[in-house]
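Please look over the sequence and the structure shown here before reading on. The paragraphs below go with them.

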Amino acid sequence: MSRVVTTYHQRVAQEKRAMIVTAATALFLELGYDRTSLARIAERSGVSRATLFKQFPSKADLFDAIVTESWSTADEEDPPPAGNVVDGLSAIGRRYAELLSQPQMTDLFRIVIAELPRFPELAHAQFSRGKMPYFESVRGYLLAEHEAGTVRVEDVDLAATQFLGMISNYVFWPTLLVPGWEVSAERVAQVVDEAVRTITARYAATGPGAYTNR
């Protein structure tokens, strides 16, 4: 019985946490980070102030949670194993495009951009807790493929930036800046495929296990 009760309380706590993060995101967008109080967030989310303060002692802690939630799908799967660079990059590219297409990702960037002049620490939090860990996972994958001999990449930082940039520049940034911008699933798949083709062609290696056009 105690295990059932514990599971129930954990589920309720998770639900309240999600409600708080959702309410905070909406208020940060509506009022700005500075003008949004924890008390107002508690009221909007429908939880007591004590409950909110227990989970998030400060707005900085709450913003960190928004970053974590926005990038959460990036932690659900490990990078593909090295050995087939086309399949590996395709999987990474599809995952990245799906991540960028989530509404909470657009909300996160809009908050950071709007508050950057007064609260640069928000941008640092977004970069260090969200984008950089994801970038490092892609970097690690390309390094593993380089060591496996399927590609020859002398600068893995640059290669990872090139690959992710080709996808985000089409899938994400126009959505952030242009109201009503939409990209079809078919177009997203084409963008990812072309990014894979470009990277594998640029960094093709020779010898056993090397990339070949197919």
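What follows goes from the confidence of the model to its domains and then to one pair of helices.

This is a predicted model, in which local features need pLDDT of at least 70 and side-chain atom pairs count only at pLDDT 80 or more, while totals for chains, interfaces and linings use all residues. Residues are numbered from 1 along each chain as its sequence is written, and side-chain values use heavy atoms, with hydrogens and water left out. The average pLDDT (the predictor's confidence in each residue, from 0 to 100) is 88 for the protein, and 91% of the residues score at least 70. In residues 207-214 the pLDDT is below 50; this stretch has 16 contacts in the model beyond near neighbours in sequence, a contact being heavy atoms within 4.5 Å.

An automatic or database domain assignment divides the protein into domain 1 (1-57) and domain 2 (70-203). Their C-alpha centres are 29 Å apart. Six residues from domain 1 and seven residues from domain 2 make the contact. Between the two domains about 590 Å² is buried, 78% of it from carbon and sulfur atoms; buried area is the accessible area (1.4 Å probe) that two parts lose on being put together, summed over both. On the domain 1 side, Leu29, Tyr33 and Asp34 lose the most area to domain 2, together 73% of what that side buries.

Helices here are DSSP runs (H or I, at least four residues), numbered from the N terminus. Helix H7 (residues 120-148) packs with helix H8 (residues 156-171) at an angle of about 115°, and their axes are 9 Å apart. Axes are lines fitted to C-alpha atoms over the stretch in contact, and angles run from 0 to 180 degrees between N-to-C directions. Among the residues making the contact are Tyr134 and Phe135 of H7 and Ala159 and Leu164 of H8.

Methods. Helices (H or I, at least four residues) and strands (E, at least two) are DSSP runs, numbered from the N terminus.
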